[in-house]
Amino acid sequence: MTRYELLDRIGVGGMAEIFRGKAVAAGGFEKPVAIKRILPHLSQDTRFVELLIAEAKVLSLLKHRNIVQIFDVGLGDDNQYFLVMEFVDGKDLGAIQRALEQKRRRIPFDLALHIGAEICEALEHAHTARAPDGKQMSLVHRDVSPSNVLL
């Protein structure tokens, strides 16, 4: 049986917090993961729990190199639901932009075009993805922002 350990909180939003963690299993197996958990004050609200589970179901259907993969959904000992996702060891685009702004610099034009094209590929994949029954899901990402782009 795999179990998860929280290591550091690496992000927080309006609905959930993200932790760097690790999956631990038999034989000393360890794998870095990201763990998304509903904020404690929202964890008893069934609407937020349903949103988290719906997110997990949708993410499990998307297979693309530019979309974080989901590995598991669970209920912790503290009765809080969580998602276990691929850990991307990098920085978010918002943090990179802020660091460059402090130095009065910008992302090089060719790199900005490349990042934009990669984002568009992921969004196009999500928008044209099909459900297991073959019907197009027509997903729309409603929170595309620099802080949600991991490099």
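Contact here means that heavy atoms lie within 4.5 Å of each other, and the model shown in these views is predicted.

**View 1. Surroundings of I38.** Apart from its neighbours within four places in sequence, I38 is in contact with M15, A16 and E17, with S43, F48, V49 and L52, and with Q80 and Y81.

**View 2. The largest nonpolar core.** This core is made up of 17 residues, and those with the most contacts inside it are I38, I70, L83 and M85. At least two of its residues are supplied by each of β3 (29-38), α1 (46-61), β5 (81-86) and α3 (109-128), with α1 giving the largest share, namely five residues.

**View 3. The largest pocket.** The space in this pocket comes to about 2000 Å³, and among the 46 residues that line it, K36, E55, V68, H141 and N148 are the closest to its centre. Two or more lining residues come from each of β1 (3-12), β2 (16-25), β3, α1, β5 and α3, and the largest share, six residues, belongs to α3. By class, the lining consists of 27 nonpolar, nine polar and ten charged residues.

**View 4. The second largest pocket.** With a volume of about 330 Å³, this pocket is lined by 16 residues, of which Y4, L75, G76, D77 and F82 are the closest to its centre. The strands β1, β3 and β4 (70-75) each give two or more residues to the lining, which contains six nonpolar, four polar and six charged residues.

Conventions. Residues are numbered from 1 along each chain as its sequence is written. This is a predicted model: local features need pLDDT of at least 70, side-chain atom pairs count only at pLDDT 80 or more; totals for chains, interfaces and linings use all residues. Side-chain values use heavy atoms; hydrogens and water are left out. A nonpolar core is a set of buried Ala, Val, Leu, Ile, Met, Phe, Trp, Tyr and Cys residues joined through side-chain atoms within 4.5 Å. Buried means under 20% relative accessible area, exposed over 50%, partly exposed in between (1.4 Å probe, protein chains only). Helices (H or I, at least four residues) and strands (E, at least two) are DSSP runs, numbered from the N terminus. On a 1 Å grid over the protein atoms alone, a cavity is a set of points where a 1.4 Å probe fits but cannot get out, and a pocket is an open set with protein on both sides within 12 Å along at least five of seven lines; lining residues have an atom within 4 Å of a point. Grid points are joined across faces, edges and corners, and a volume is the space filled by probe spheres set on the points. Ala, Val, Leu, Ile, Met, Phe, Trp, Tyr, Cys and Pro count as nonpolar, Asp, Glu, Lys and Arg as charged, and the others, Gly among them, as polar.
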